[in-house]
Amino acid sequence: FSNSRVETPTLPTRQERQKCWEARDAYFACLDGVGVVMAGTEGKACSAGNLVYHKTCAQSWITYFNERRKLGFQQKDMASQANSQNKR
Amino acid sequence: VFTPTSAAIFIATGIGLLFYFRHEKAKVIEQQEKDRASKAYGRPLVGGPFSLTTQTGEPYTEQNLLGKWSLVYFGFTNCPDICPAELDKMGLILDAAEKEHGKIFNPVFVSVDPARDSPSRIAVYLKDFHPAFTGIVGSYQAVKAMCKAYRVYFSTPPDAKPEDDYLVDHSIFVYLMDPKGQFVEAFGQVATIDDMLEKMRVEISTWKSETGTTA
C-alpha cells in the first residue's frame, strides 16, 4: 500500500489545529454576542471572525463544528424544557 | 382411589425427585464455580487477526500485539478534535502507567481513512503525540476487516479520493488488549485517565498473580 500520485491535502499539525479552534471559538463568541446560533444566518455581523475561521479551518471541519454548535443549543433547549416541566 | 400402595409410590417418587433436584443443583453450582475460576465467560468477541502496515512501512498483525498491554485507538489524521484529544489522553495514561508498571505498554493508532492516510502521512501526524505510538494503515479491505473484528463502525466510502475533503464518522473507543492479544476493556470518551489507570492496575495485578509477571 503506497500511493505516490496526488499529494493529499496538507495534514494539519497540532499548531494548525489549535489556530483553527481559536478562530472557531472567536467566531462563535461573536455569534453568541449577537444572539445567533446557526452560523451563516448572522448577516453582516462577525464577518471578520468568519473570514479568519474559513482561512484557518478546512470546510469539512467548519461544517462539523457549526452542526455541533447547533446540536449543542438544541440539547440545552431540551434540557431546560425538561427542567421546567419537572418543576411543575 | 387413594390406596396405601399408591400413597407409598407417591411419597417415594416425591423423595426421589427431591434428591434428583438437589444433585442437579449441586452440579450446576459446581460448574459455575469452575467457570468463574477460569474466567471463561463474559469475554466479548472483540479483536482477532488483522494485517496492516506501520508508519515505517513494516507489516503489522495481531501477532505484534503479543507480550505487552496494547491500547488500540481507531481514528484518522484529518480528525478535527476528538482523535487528537483521545491520543493526548492516551499519552498521559502511558506516561503514568509506565512510571507505575514499567515499559509494558503498546499504543496503536489505526487509521480508518485508507484513501488519505499513508504510512508517511501517519508518521508525520504521530510526531505530535507520544513517541511510543505505532500507526497502522492499510487498504480499504484490510481496514474494513480489522474494524469488523474489533466491532468498530466507520463511515469512509470505498471510493473516497485522497484529494477529497471529508470527515470519517467512527466508533470512539480505546481498546485495552492483554499480553495474549485478548480483549479486556473498551474505554469510551467519558472514561477519565484515573478510571483507565485503575482498570489497568487491576488487570495487571490479576495477570501478575496468575502468571508471575506483569506482561
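## Helix crossing and disulfide in a predicted model

Residues are numbered from 1 along each chain, chains are lettered from A, and side-chain values use heavy atoms, without hydrogens and water.

The two axes, which are lines fitted to C-alpha atoms over the stretch in contact with angles from 0 to 180 degrees between N-to-C directions, come within 10 Å and cross at roughly 40°. Helices here are DSSP runs (H or I) of at least four residues, numbered from the N terminus. The table lists the residues in contact (heavy atoms within 4.5 Å).

| Helix of chain B | Residues in the contact |
|---|---|
| Helix 2 (residues 82–101) | Lys89(B), Leu92(B), Ile93(B), Ala96(B), Ala97(B), Glu100(B), His101(B) |
| Helix 5 (residues 193–211) | Ile193(B), Met196(B), Leu197(B), Met200(B), Arg201(B), Ile204(B) |

In chain A, Cys20(A) and Cys57(A) form a disulfide with sulfur atoms 2.0 Å apart; the cut-off is a pair of cysteine sulfur atoms within 2.5 Å. The torsion about this S-S bond is about 110°, so the disulfide is right-handed. Cys20(A) lies in helix 1 and Cys57(A) in the loop between helix 2 and helix 3 of chain A, so the pair ties together parts 37 residues apart in sequence. The whole structure holds 2 disulfides over all chains.

How values were computed: Predicted model: local features only at pLDDT ≥ 70, side-chain atom pairs only at ≥ 80, totals over all residues. Helix = DSSP H or I, 4+ residues; strand = E, 2+ residues; numbered from the N terminus.
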